[in-house]
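Welcome! Please take a moment to look over the model below, and then we can walk through a few of its features together.

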Amino acid sequence: KARNSHEPEFLQAVQEVAESIIPYISEHKIYKEKNILLRMVEPERLISFRVSWVNDAGEIIVNRGYRVQMNSAIGPYKGGLRFHPSVNASILKFLAFEQVFKNALTTLPLGGGKGGSDFNPKGKSDGEIMRFCQAFMSELYRHIGPNTDVPAGDIGVGGREIGYLFGAYKKIKNEFTGVLTGKGATWGGSLMRPESTGYGVVYFAQNMLKLKGKDLQGKRMVMSGSGNVAQFAAEKAIELGAKVLTMSDSGGYILDEDGINTEKLNFIMTLKNVKRGRISAYVEQYPKAKYFEGERPWSVPCDIALPCATQNELNGDEAKQLVEQGCTCVVEGANMPSTPEAIHVFQHAQILFAPGKASNAGGVATSGLEMSQNSLRLSWTKEEVDARLKEIMAAIHQSCVSYGEGENGAIDYIKGANIAAFVKIADAMLAQGVV
Ligand code: NDP
């Protein structure tokens, strides 16, 4: 703790895992004897580097770039790149730590890492984004590779940025190789990668509800975010009959009591992905809806809540309000969106709660499938990838059930996800010796 006392997000993520793992370790002494947990919380490597680039005004801007290579016990480091002004070592270490566990759950051979920069893409021209990506890759390229470390997108890094990063890598290395995932479908990308995190979240929710003899039909769903994860979670939820009431961005949220249907969602997708506009524009297009500036959507009564924006976006008071108003299922689309206080409320109320490392693993799983396709130099159909994604989400759900089932039959998905992933990684570390 002392070594990382200046890294609150990282400590929060480790604490949550440690609470599940420590009782397990005390019953399985080999992990304690070999000091596995302490080894897991120290990144194998943390790289920090200068990214200097020239903006449209001709000024030289300096940002900080990072790559956290957290754990490679079960495969090459794998995890996204985040471009956001809030990025720092603590946030990336928390994300990399979570990623290690998430990747272990996917059933695929993927280690864990995360990276990014404090660069703010908002308001930047296309040329500025490209020059930044090229400058970023001019250092990152020496630390990554298809068998070493395979980055992907995250907040602020979508298809456009992956394209510029990939182009820069290819130019420097003179190599067309699967070094990044989230590529375009005609140049090595997997079909379904854009959809996969959001669809996976909803498939996971379906699995949770099914165990209780329920489904999504007619359920009131409150969702935050309007980026990649939220858009496709909404698309799949609408297809399966849920009534999606809200979406948000960092400016506020919109509430549409008639439900966001496919046409309205297409409007949001164009607004966010093409026009790069604000969610508030929704109410100009659909005046019956309401916009709540500077607020989050958790006060809206619902059956199911999907936080899909960012970390610590749902606090204890908001969790209480959700539960009091009848919410019985919370499935995390973002990474660590619920604060520890919020999780405590959900667990105390014994409602269904899925941590992001289990429920949003569909994205990285499909990235793993993209790596397989790149190695095979083949491209699978959308149906094939979707079928594998469904299977993987069901397998992750089953792992959570196997390790998280309590005496009363209730499933502790946090405990289940943490222990299932821990055992897989720890056993690989034990087998590979002290390295
Ligand atoms: P995007 O950048 O596509 O979208 C992020 C969304 O969250 C935007 O609507 C954004 O609003 C909002 N947001 C970001 N920061 C804040 C904030 N501080 N307060 C309120 N709203 C905020 O990112 P993704 O959809 O890809 O990622 C969302 C979450 O899901 C992240 O936690 C990410 O780590 C996680 N995740 C993503 C995966 C993927 O495949 N994309 C895979 C697994 C997890 P605005 O536009 O105003 O910034």
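**Helix packing and annotated sites**

The axes of helix H7 (residues 193-211) and helix H8 (residues 228-239) cross at roughly 55° and come within 7 Å. H7 is therefore oblique to H8. Please keep in mind that this is a predicted model, in which local features need pLDDT of at least 70, side-chain atom pairs count only at pLDDT 80 or more, and totals for chains, interfaces and linings use all residues. Residues are numbered from 1 along each chain as its sequence is written.

**H7 with H8**

- On the H7 side, the contact is made by Pro194, Glu195, Thr197, Gly198, Tyr199, Val201 and Val202.
- On the H8 side, the residues include Asn228, Val229, Phe232 and Lys236.
- Nine nonpolar, four polar and three charged residues make up the contact of H7 with H8.

**H8 with H9**

- H8 also packs with helix H9 (residues 262-274), at an angle of about 170° and with the axes 10 Å apart.
- H8 and H9 are therefore roughly antiparallel to each other.
- Gln231, Ala234, Glu235 and Ile238 of H8 meet Thr262, Leu265, Ile268 and Met269 of H9.
- The contact of H8 with H9 has five nonpolar, two polar and one charged residues.

**Annotated binding site**

- The unreviewed UniProt entry gives the annotation "binding site" to Lys78, Gln99, Lys102, Gly153 and Ser367; such annotations may be inferred rather than shown by experiment.
- Gln99 lies in helix H4 (residues 89-105), and Gln99 counts as buried because it has 28 C-beta neighbours inside 10 Å.
- Apart from neighbours within four places in sequence, Gln99 is in contact with Met70, Gly79, Gly112, Gly113 and Lys114.
- Ser367 belongs to helix H14 (residues 362-376), and Ser367 counts as buried because it has 31 C-beta neighbours inside 10 Å.
- Residues up to four places away in sequence aside, Ser367 touches Lys78, Ala152, Thr181, Gly182 and Arg193.

**Terms used here**

- Helices are DSSP runs (H or I, at least four residues), numbered from the N terminus.
- Axes are lines fitted to C-alpha atoms over the stretch in contact, and angles run from 0 to 180 degrees between N-to-C directions.
- Angles under 35 degrees count as roughly parallel, over 145 as roughly antiparallel, 65 to 115 as roughly perpendicular and the rest as oblique.
- Two residues are in contact if their C-beta atoms, placed from the backbone, lie within 7 Å.
- Ala, Val, Leu, Ile, Met, Phe, Trp, Tyr, Cys and Pro count as nonpolar, Asp, Glu, Lys and Arg as charged, and the others, Gly among them, as polar.
- Buried means 20 or more other C-beta atoms within 10 Å of a residue's own.

Key. Helix = DSSP H or I, 4+ residues; strand = E, 2+ residues; numbered from the N terminus. Buried ≥ 20, exposed ≤ 12 C-beta atoms within 10 Å, placed from the backbone.
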